[in-house]
Structure formats: C-alpha cells, structure tokens
Amino acid sequence: MRTEAGNVGTAPAPRSRRRRGGDGLLAALLLAPAALLLCGVLLFPMLTTFRDSLFVNKLTEPWAGTPFVGLGQYAQMVQDPRFLTALRNTLFFGVLTVGGSFLVGIPMALLAHTPSRVRGLARVALLLPWAMPPVITGLIFAWLFNGQYGVVNDVLVRAGIVGEPLRWLSTPGLAVVAMVITIVWKTSSFVALIVLGGLQGIPRELTEAADVDGATRVQTFWRVILPLLAPSLAVAFIFRAISAVQVFDIPYTFIQQAPAQGLLETLGVYIYRTSIEFLDFGYAATLSVALFAVSLAVTLVYVRFVRGGEG
Amino acid sequence: MEQAPRLNLSERVVRALGLALLVFGGFFPLVWMLLTSLKTEGELQQFPVQYLPSQPDVANYARVFSEQPFGTFFMNSLIVSLLSTALCVAVAVPAAYALSRLEIRARGLLLTLVVAFSMLPVVSLLVPLFRLMRSAQLLNTYPALILPYAALSLPVAILTLVAFFSAIPRDLESAAMVDGSTRVGAMTRIVLPLSLPGVVTAALLVFVNSWNEFLLALSFNTRLNMRTVSVGVTLYQGEFAFPWPLISAAVVIAVVPIVVLIAVFQKRFVAGLTAGGVKA
C-alpha cells in the first residue's frame, strides 16, 4: 500500500488496518538505506575477515598462493609470543586507562554539573579532549613528554622532583606511564559526559531531601547520588572497555616517536602492522577475528545489561 | 534558572580549585602547541624551558603550507567530512524515525544490532575494506573515505536521533493525522522541525568523527594530494627529526574547525553525548 500524500484520500480503508499495513512498508523503506550502508561497508567486510582468516595470504610470498589452512592460523596465533604480548599489553592498558578515566571523569562531571560563572568555559574544557583527533592527541603528548625539552620534565626538574630530564618515551616503564596519562586525558571527558547525563536525570528534590535530613555532601554523594548514577556508570564502563580494547591511534603515534617499544604494542597496532607493514593479510584476518571476539564479549555484556534494564 | 547550592567556604575553595584544574587541564595541551608554534627551533632547544616565545614568529605557519600541500589536505578533510556528514544524516534520519515512531515488531533486535555495529573495531575491517575499495577502484578518491565514515558514524547518529525523536510527544503527530495529514506529512511537517536540534547534534558528532579519523585515511588515500589533515600533521616528521614548531603549527591549524564547533555548539555536544551513549 502506498502511503504518499496523494494516494491516501482515494483509499478509505479502515484506519487501524491502513496504518499497520502502511507502517510495515514505510518502515522497510525508511530503514533500507541505513541497512544497505551498514551491510555493504561494515557487515560484508566483517564476514570477509572470517573467510580470510582460514587462508594463508602473504603478499610478500606471492608464489605460495592462497592455500586453505582451516584453523591453522588460529593455532599459530595462540602460540605467537608477539600476539600474546600485544594481548597482555592491551588488557593491561585497558585496566589502567579505564580505571583512570573514571577516577578523573567522575569529579569532572560533578564540577561541570554544579552551576557556576565559568560553566560554558568548563564545558568547552570538558569537551576538548574528547573532540581532539586521537592522532593529534598522541603528537601533542609526545611533545609534552619529550625526553630533552618536554614541559613535563621542566616542571619536574624545577620542582626538584627529579635531578635531570627523564627519557619518557624511550624508557619502557616511563613510556607506559606517559601513554596511560595520555589516554586517560583523552577519555576522561567521555566518562564525564555520560555521568553528566546521569546527574542531569537525578531530581533535585532527592539531594535536597538528603540535605534537609542533615546529610553531609559526601554522604549524599555516596548514599544518594552514586547509586542513582549506576546505570550511567555501567554504560560509560562498557563503551570505555570497548574503545580500550580497540585502541590504536595513540599507541601508533607513540611508537613512531620511540620505535623500539614492544611494551606499547596493542592488539590494534599489531593487526595494523601485520596487514600494512608485513602484508600478511591472512594472519591479520585471524588476529582481527580475535579482536572481534573480545569486542563481542564486551558488547554482549552491554546488551544483556541494557535488556535487563528495560525488562 | 538554577540556584547555586549553599556551600560553605572550604567547599567553595575546593570547587574553585577543581574548576581551575579542569579548565587548565582541558586547554593546556593545545595552548602549549600554540606557544610552541610561535617559537623558533633554537628557542625550543633550551632547558629549563622558556615558556613564552621571546619574539612570537608566525613563520612556522607559512612553512606548514609551503613544505606540504596543507591547504589541499585541509580542503580534502572539509569535503570528506561534510559529505560524510550529509550522507550519514540523510540515511540516519529516516531510520531513526522508523525505529522510534513506527510499530516495528523487531524494534528491540534492530536497536541491538545498531549498537553491535557501533562496536566493530575499525582496524579489523582495514584489509577487507581496502580490498573492497580497490576492486571498486575507489582508492585515492573521496568516496573511499566518505562511505566508511558515514557507515561507521551511522550507529551513533541513529542512536542519538532515536533519543531525540522519542522525546517528542506522540500526541502532536496523532493530532496532525486526525486533522487529515498523512504519516509522511506528519513526519516532515511536525516531527522533523521539532527534532532539528537533534539532527544538528547528530551531524556535529559525525563531522567530528570524520574530521578526526586517521587509520582509513592513512591507508586508503595514499596520494599526497588526497591526504587529509589528520594524516597531514604526521608528514612533517623526518626519519629521526621532529621539527616541533612546524608540527605544532600544523596541529593548531588542523584543530581549528573542531575548537570552533565545540565553542559554538558546546550545549548541543553535551546534549548529544549524554542522550545516547556514544562511542569514546
């Protein structure tokens, strides 16, 4: 049944039937372009990745062809020390940066929530790290942590905390610290914004009632506000966990500055290098499936959580 | 509109310090790039660091454009980001309308799928997308970036728009339809104008995502005159040399559109990010 303006007057079908029939077709028409774009550009390549992971395909060894090896590359992967290191790095950075972004992000949200004269400015300061291109964030912080002339070193030396400039990016332990700080700076905004949304949904009367009952501000925060924020915190956590597992741009820029850092190689960076630098498309696909699997696991937790919340 | 809560002195001091730290922390890295971009290479190689440039020098900005075709990079980013945004929003608005307004039995499942799509790792799609673009002969063209950017931001745009559409009372449409308007008429004349702020918000999110994207731009458009700014800023570094004043100037130019959008539309960004739950 057509639902365009011109046709409706000529079809005096019963109202309820007309609407339901129209809704089905109209919905399909409205959803089709989105479905086409998502399937063509995301779903199809994803399915290709699964197929590719079963074939050897090294551009550096074209004479070998593309033989089918089944799960052979998966067996190779679970014994690949570089993969295991990258996976460990990813999870290690994930725990530190997700935790860090909550420690910084929640106070940021509380500050941005309370009305103040500099609210607009505070909001811009809150949004900037989120909106900055990740690769540019990586460049900026590589400069801040520069081993000779970096401003971080300058502050530490002037404050008398260290005697001479630290080689942040070429000392393994320090490089990790620098990268965690960078990622926490970049991602705390996101946590803060989600939490801010949660704060805006809390009725004023509740905190005022606690206030009247003589609760201190700290008590009100722990007993009233935090429990009400639980859903926002859960959403922020899942999205942060996903982005932490997939992190690429910032480690990539840091590694450009300090090439010998195996400690900074995340799963995303290893996949990139396997595909673009080693031109091993088959194995890159296998590694990609591993990354899908980790992402999917986190997504499923999210979906369960959201469904649970609705039901 | 809102009354400031009663705060005692120590609370006010803590809050003022916190706000100062927040503003400083948010702005400092960019301010530092701005200061660096005005220094000379020699001035930079001093320790202790000299904080302000002794003679602010804009020569680095001229060099950004003379050493690389940065104007072309900038135009490429602008074209790609604007067209991705237009495509994404044009596709997302009808889809979000259907998901929030029409009776669809599989609504919950469809929304779950949208969320799942928003969580796909881009780096995992790199090789298959590269081959897709190559076989379609799109490498080193704008569509090679526009199509994936629109698709990658589509879930976020749909979820944001669904949140905005759902906030518009259904009675408004019902009233229009009782008065003889059609479903499509009610959609275009009642719902869309009311959801314009939501559309603007979704568009802003897509634009920022597209402007910032690095990996696909790095891999798909490798010809120098097809580069975008996010890749362009990395082209000033040599094998071992990092000309920081030059890189800083490029960085400052590259983020101008982002900073302007944030400053002008801060409320819309906050609304969009708090409405849906958007990818970090």
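Mentor: A polar contact is a pair of N or O atoms within 3.5 Å; within protein, one must be able to donate a hydrogen and the other to accept it, and residues adjacent in sequence count only if both atoms are side-chain atoms. Between chain A and chain B, 12 residue pairs, both at pLDDT 80 or more, are in polar contact. The model is predicted: local features need pLDDT of at least 70, side-chain atom pairs count only at pLDDT 80 or more, and totals for chains, interfaces and linings use all residues. Side-chain values use heavy atoms, with hydrogens and water left out.

Trainee: What makes D52(A) and R131(B) a salt bridge?

Mentor: The rule asks for a side-chain nitrogen of Lys or Arg within 4 Å of a carboxyl oxygen of Asp or Glu. Here the N to O distance is 2.7 Å, so the pair qualifies under that rule. Across the interface of chain A and chain B, 1 salt bridge is found.

Trainee: Why is N140(B) called buried?

Mentor: Buried means under 20% relative accessible area, exposed over 50%, and partly exposed in between (1.4 Å probe, protein chains only). N140(B) has 17%, so the residue is buried. Its phi is near 60°, a positive value in a residue other than glycine.

Trainee: Why is L279(A) called partly exposed?

Mentor: Because its relative accessible area is 29%, L279(A) is partly exposed. L279(A) also has a positive phi, about 50°, although it is not a glycine.

Trainee: What makes the peptide bond between F47(B) and P48(B) cis?

Mentor: Its omega is about 0°.

Notes
Residues numbered from 1 in each chain as written. Chains lettered and ligands numbered in written order.
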